[in-house]
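Hi,

Here is the structure I promised to pass on. Have a look, and my notes on what turned up follow below.

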Amino acid sequence: MSDNTPAAAGKAEGAPGEKFQKVQHHFCQLTVDDEQLQLAAAYVSDAQYNRNIHFETSPQAIRFYKLYNHWCTQRVTYFFVLVNLLLALFEEPAVYLLPIWVTSTVEFICLLIFAIRLLHFSKIIPAKVLWKDAKNICVIVSILLTLMDMIVYLTLTETGYFVVRWSRVLRPLFCINFTESRQLRRAFRNIRNTLPEITYVFVLFMFSVAVFSLMALKLFAKRKYTTGEGAPYFNNYLDIFFNLYVLVTTANSPDVMMPAYEVSWAYSIFFVIFIIVNTYIFMSLFLAVVYNDYKKHLKNEVRKLVYMKHRKMIEAFDILKVKHGAEFVILESHWRQLVKLVAPEVPSCHRELLWRVSDNEQKGFVGRECFIRLADLLNIQVVQMKERVHPLEKCWPNMYNSAVSQFIRRVVKHQGFRYTYDAIIVVNAIFIGGDESNPLISKAEWVFLTLYLVEILLKLFAYEPRAFFAKSQFWNWFDTLIIIAALLGTIVNTTLKSSGGYNSQQVLDIVFILRVLRLIRIIDSFQRFRVLLNTLINLIPTMLTYAGLIMVVYYIFAIVGMEAFKGRIQFYGANSSDPAAKYCGNPALKGSQFAALRYCKNNFNNIVSAFILLIELTVVNQWHVLAAGFVKVTHLSARIFFVIFHIMVVIILINIFIAFVLEAFFVEYSLARSAIETAVEKKIQELGMGDCTNPPAGDLVEVLETSENDLGNTDDTDLKSRLKFRIASIRYKTVDALLQHMFEEELKPEDEIPTLEEIDNLSPDDYAPKQPTFDSIA
C-alpha cells in the first residue's frame, strides 16, 4: 500500500483523516448489507447486556429478537408479572376484597400475556433449544396448572365447596423464569448449586441437635422440673428437639435453661456446650461452606458471562471483517454503522471518542482484539460537557475577574476551606446534643445556619451554578436542601414560639432531625468513609437482586401461611373493649405467652400481615413464641412450617447473601484502593479534553465538526476551549463488570473461546485458573 512510504507516513501523522481516506478508498469495493449489519448488531447488543440467548440468525428472527429486547415489551412483561403478584392483595384473605370474577379475569389476562411472550420467544430461538431450556418448560407448566386450578376453583366455589387456591404459589415462577430476570435466575442457580454441600453440613447439624435432645431427655425427664408457667420441663423428645433448635437461634436464651439452672449451676454446662457446638461452630461452618461453594459457582457464572460476551463479539467480527494484509479487520465506516445501530442514542462526539479509543493509532480500521472491547466501551457512560461562563462574569466581568474575586475563589476551592467547615460541623454536633431550652444553644443555631448559608453562597460564587447543581453533584444538592429546610423550619419554629399558645413540638422535631441529618455530610470528607459509601452504593443494584429473591420466597411462604392459618388469629384494634381481644379471638390462646405479649396483629389474615410476620421470623427474636401461638390454634405439625422457613431463609438465603456481600465487598474495596484508570479515561486525558484539564491538543473537535454537525455552528476556537468529557460516575464499575474484568485479565488473545453450546455446559470443575485472581482478593 502507498501508506507504507516514509512520505505517506509523515503525511498521515500530520493528517490522520487523510490516512483514513486512503484506507477507506482501498476497501471501497467492500460493503456490508443491512441484514449482516443487523445480525452483527444483535450479537454486540447481547454482549453489551450479557444476554445468553441462542437466537436464530434469519432476518425475520432478528427483527423479532430486536422487538423482544425492546424496552417497551420488557416493561409490559414486568408490569403484568407485578400485577399477577399483587392479585394476592385482593383475593381471599384480602386487604381489599374484590369479586372473584374480577381477580380471575385479571389473572387470565396476565397468563395470556405470558403465553404471548413465550410464543414470541419461540419465534426467536430454535425449537430444540426452546424445549431443552428448563425455564421455558417451567413457564408452560405453570400456565397450564394455573388455568386448571382457576377452572376448578371457580366451579367448586360456585357450588359452595371450600377450595384451596394452591396455584398462587406458582406466581413467583413467572418472575424468575422470563428471560428478563436472568440476574434473579442466576441467584437461584447459586442456591441450587450450593444446596448439595449445605445438605451434608445440615444433616450433621441436625444429628448433633438430635443427640443433644436425647441427652437432655435422659438428663431432665425423670426429675419432674417445671417451667415458669408450670408446664412440664423437657419430658417430651419432640418438644426438647424443637426447644434446642430454637436455642441455636438464641431466641429462647436463657429462658430454656433457667428451670434446670435454678436447681444447680452444673446443668448450665450442658447448655453452654450445646451453644458452643451448634450456635457457634455449626453456624460458622454453614457460612464457610456456603461462601466457599458460592465463590466456586460464582467464578463459573462469571466465566460463562465472559466467554459468552467474547463469543458473541467474535461472531459479530466474523460477519463484518475484511482482509487487510495478513489479518482480518473491521473498517471505520462499518464500525460507525454498527455503533449507530446498537446505540442510536449515543451522540457523534461520544462515538468519535470511542472510535479514538478503539483505533488508538488512527489506522482507519480495528482488529479483533480491539473490536471485542466495544461491548465494554458501550457500557461506560461518558458525559459531553461544555464549560459555561459564570453568570457574574457575563454581567460584571471586571468585578468577577478582579484580584479580590480571584482570591475568594481560590480560598473556596482550597482544601482548607472544606476542613474548616468540617470542624464547624463537628462543633455543631456538640451543640445539637445539648438542651434546646438553653438560650445559648438556641442562639448558636442561628450562627451555624448563617455559616452554612455563607458556605453555599461562596461556593455558588466560585463555581458555575449549573455545574454546581448538576445531576451527579449529590452532596451539593444534599447540603443545600438540608440547610434551606432547616432554615425554614427554624424560622417557623421561632415564629410559632413567639406567637404563644400554640404547640410547635412537631415542627421542632422536624428541625431537630434536619440538624442531625446535616452531620451526614461529614462522611464525604473522609477518604475511607467515601470508599465504604461508594462500595455500598455499587452493591445496591445486585443487593436488590437478592432482595427480590427473598421477596419471592416470602411470597410463597405467605401464600402457604394464608391458606393454612387465615382467620385463626384475629386483631380487634389497639383500644378494643371486646373480651375476645385479650386472647386474639381464639380461646385456644387463653393464658398463652402469644396473647400475653399482645401478638394478635401477627397473623396470616392478608398478604401484608403475612409479609410483616415473615420479616419478624427472619429476625428470629421471639420466633418460637410466634410459632407456639399458631401451634395452639392449629396442630403441633404447624411447627414444620416455621422450621422450614427458618432453614430456607435464615440458614440458606441469608448466608448466601452474606457470602455475596463479602465477595463483592472484597472486589469493590480492593479496586477503590488501586484506582485503575480505564482506556476511555486515559484517552480523554491524552486528548486534553478532561473535566479539569487544559484545552485539547488534538483535532477531535475538527473531526466532530466535519462528520455530523451534532455540535452546531459553534466557533472552532471557542469549542476547543469549552468541549470537555468525563466519565459520568466512578460508580459505572458494577460488581458484575468488575468480576468479568478480573477474569478477562486471565484470557489471552490467542486463547480459543468455546462455542455457545459448550459455554452453556461449563461446570466449575472444568476450570483451573492460571492465576488465582479471585482467591487473591479474599
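A term to start with: a residue is called buried under 20% relative accessible area, exposed over 50%, and partly exposed in between, using a 1.4 Å probe and protein chains only. By that rule, Asn-586 is buried because its relative accessibility is 15%.

Some housekeeping. This is a predicted model, in which local features need pLDDT of at least 70 and side-chain atom pairs count only at pLDDT 80 or more, while totals for chains, interfaces and linings use all residues. Residues are numbered from 1 along each chain as its sequence is written, and side-chain values use heavy atoms, with hydrogens and water left out.

**The chain overall**

The chain has 778 residues, of which 46% count as buried. It contains 35 helices and five strands; these are DSSP runs numbered from the N terminus, with helices being H or I of at least four residues and strands E of at least two. Contact here means heavy atoms within 4.5 Å. Take the contacts between residues at least 6 apart in sequence: 75% of them join residues at least 24 apart.

**Back to Asn-586**

Asn-586 belongs to the loop between helix H26 (527–565) and helix H27 (593–596). Not counting residues up to four places away in sequence, Asn-586 touches Arg-568 and Val-633. Its C-alpha is 6.4 Å from that of Ile-569, 17 residues away along the chain.

**H5 and H6**

How do H5 and H6 pack? Helix H5 (residues 71–86) and helix H6 (residues 100–122) pack at an angle of about 145°, and their axes are 10 Å apart. The axes are lines fitted to C-alpha atoms, for helices over the stretch in contact, and the angles run from 0 to 180 degrees between N-to-C directions. The crossing is left-handed, meaning that the near helix is turned anticlockwise from the far one by less than a right angle (clockwise would be right-handed).

On the H5 side, the residues that meet H6 are Thr-73, Gln-74, Thr-77, Phe-80, Val-81, Val-83 and Asn-84. Their partners in H6 are Val-106, Glu-107, Ile-109, Cys-110, Ile-113, Phe-114 and Arg-117. That contact divides into eight nonpolar, four polar and two charged residues, where Ala, Val, Leu, Ile, Met, Phe, Trp, Tyr, Cys and Pro count as nonpolar, Asp, Glu, Lys and Arg as charged, and the others, Gly among them, as polar.

Arg-117 turns up again elsewhere: its charged end sits over the ring of Tyr-68, 3.7 Å from the centre. For that label, NZ of Lys or CZ of Arg has to be within 6 Å of the ring centre and within 35 degrees of the ring normal. Lys-590 also qualifies, lying over the face of Tyr-583 at 4.9 Å from the ring centre.

Is Leu-85 buried or exposed? Leu-85 counts as buried because its relative accessible area is 19%. Setting aside neighbours within four places in sequence, Leu-85 contacts Arg-171, Pro-172 and Tyr-555.

**Rings**

There are 41 aromatic pairs in the structure. Rings of Phe, Tyr and Trp (its six-membered ring) pair if their centres lie within 6.5 Å. One cluster linked by ring pairs includes Tyr-554, Phe-557, Phe-565, Phe-594 and Tyr-599, and Phe-604, Phe-611, Phe-630, Phe-641, Phe-642 and Phe-645 are also in that cluster.

Most residues other than glycine have a negative phi, and most peptide bonds are trans. Here are some exceptions. A cis peptide bond joins Glu-92 and Pro-93, with omega about -5°, and Pro-93 is in the loop between H5 and H6. Another cis bond joins Ser-253 and Pro-254, with omega about 5°.

Lys-224 is not a glycine, yet has a positive phi of about 60°. It is found in the loop between helix H10 (182–220) and H11, and is exposed because its relative accessibility is 69%. Thr-226 lies in the loop between H10 and H11 as well, and is partly exposed at 45%. Leaving out residues up to four places away in sequence, Thr-226 touches Ala-231, Tyr-233 and Pro-259. Gln-622 also has a positive phi, near 65°.

Cheers

Technical notes
Phe/Tyr/Trp six-rings, centres within 6.5 Å; stacked < 30°, edge-to-face > 60°.
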